[in-house]
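Subject: Structure for you to look at, with notes

Dear colleague,

Here is the structure I promised to pass on, with the sequence alongside.

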Amino acid sequence: MAKLSELIDKIDSEAGEGNRKKALLMIDKLLEKVPGNDVLLARKEKYQKEYDNQTRLEALESKYGIS
């Protein structure tokens, strides 16, 4: 099994590429194996906020025809 730090790096790279939904899913899967990990919980909160902002922005862009 990969080290936790390697998995966190992979999650960070996914989020950096704009795949925040995938990063969140990866964090959820990892939290099943390592419940209560403060590092993962902090990243999940951060990426959830970024994902919410991204989806809100996309909805506004599609509503007003701005891209």
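Throughout these notes, two residues are said to touch, or to be in contact, when they have heavy atoms within 4.5 Å. Please also keep in mind that this is a predicted model, and that the values below are computed from it.

I begin with the chain as a whole. The chain has three helices and zero strands, and from the N terminus on its elements run α-α-α. The C-alpha trace spans about 45 × 20 × 15 Å along its principal axes. The radius of gyration of the chain is 14 Å, whereas a compact globule of 67 residues would have one near 11 Å. Of the 67 residues, 19% count as buried. Among the contacts with a separation of 6 or more, 48% are accounted for by residues 24 or more positions apart.

Next come the helix pairs. Two packed helices are described by the angle between their axes and the distance between the axes, and I give both for each pair.

H1 and H2 pack with their axes 7 Å apart and at an angle of about 160°; as angles over 145 degrees count as roughly antiparallel, these two helices are therefore roughly antiparallel to each other. The crossing in which H1 passes H2 is left-handed. On the H1 side the contact involves Leu4, Leu7, Lys10, Ile11, Glu14 and Ala15, which meet Arg20, Lys22, Ala23, Met26, Ile27 and Leu30 in H2. Sorted by class, the residues of this contact between H1 and H2 are eight nonpolar, no polar and four charged.

For helix H2 (residues 20-33) and helix H3 (residues 38-64), the axes come within 9 Å and cross at roughly 155°, and H2 and H3 are therefore roughly antiparallel to each other as well. Their crossing is left-handed. From H2, the residues taking part are Arg20, Lys21, Ala23, Leu24, Ile27, Asp28, Leu30 and Leu31, and they meet Leu40, Leu41, Arg43, Lys44, Tyr47, Gln48, Glu50, Tyr51 and Gln54 in H3. The contact of H2 with H3 comprises nine nonpolar, two polar and six charged residues.

The remaining pair joins helix H1 (residues 4-16) to H3, with axes that come within 12 Å and cross at roughly 5°, which makes H1 roughly parallel to H3. Leu4, Ile8, Ile11, Asp12 and Ala15 of H1 make this contact with Val39, Leu40, Arg43 and Tyr47 of H3. In the contact of H1 with H3, seven residues are nonpolar, none is polar and two are charged.

Is Glu14 buried or exposed? Glu14 lies in helix H1 and, because buried means under 20% relative accessible area, its relative accessibility of 11% makes Glu14 count as buried. Leaving aside residues up to four places away in sequence, Glu14 touches Asn19, Lys22, Ala23 and Met26.

Arg20 lies in helix H2 and, at 21% relative accessibility, counts as partly exposed. Which residues does Arg20 touch, not counting those up to four places away in sequence? They are Ala15, Tyr47, Glu50, Tyr51 and Gln54, and Arg20 is listed both in the contact of H1 with H2 and in that of H2 with H3. The C-alpha atoms of Arg20 and Leu41, which are 21 residues apart along the chain, are separated by 15 Å.

Leu25 also lies in helix H2, and Leu25 is exposed, with a relative accessible area of 52%. Leu25 and Lys3 are 22 residues apart along the chain, and their C-alpha atoms are separated by 18 Å.

Finally, Ala2 lies in the segment before H1 and counts as partly exposed at 36% relative accessibility. How far apart in space are Ala2 and Tyr64, C-alpha to C-alpha? The distance is 45 Å, for two residues that are 62 apart in sequence.

Terms used
Residues numbered from 1 in each chain as written. Predicted model: local features only at pLDDT ≥ 70, side-chain atom pairs only at ≥ 80, totals over all residues. Heavy atoms only, no water. Axes fitted to C-alpha atoms, helices over the stretch in contact; angles between N-to-C directions. Helix = DSSP H or I, 4+ residues; strand = E, 2+ residues; numbered from the N terminus. Parallel < 35°, antiparallel > 145°, perpendicular 65-115°, else oblique. Left-handed = near helix turned anticlockwise from the far one by under 90°. Nonpolar A, V, L, I, M, F, W, Y, C, P; charged D, E, K, R; others polar. Rg over C-alpha atoms; globule rule 2.2 N^0.38 Å. Buried < 20%, exposed > 50% of the residue type's maximum accessible area, 1.4 Å probe, protein only.
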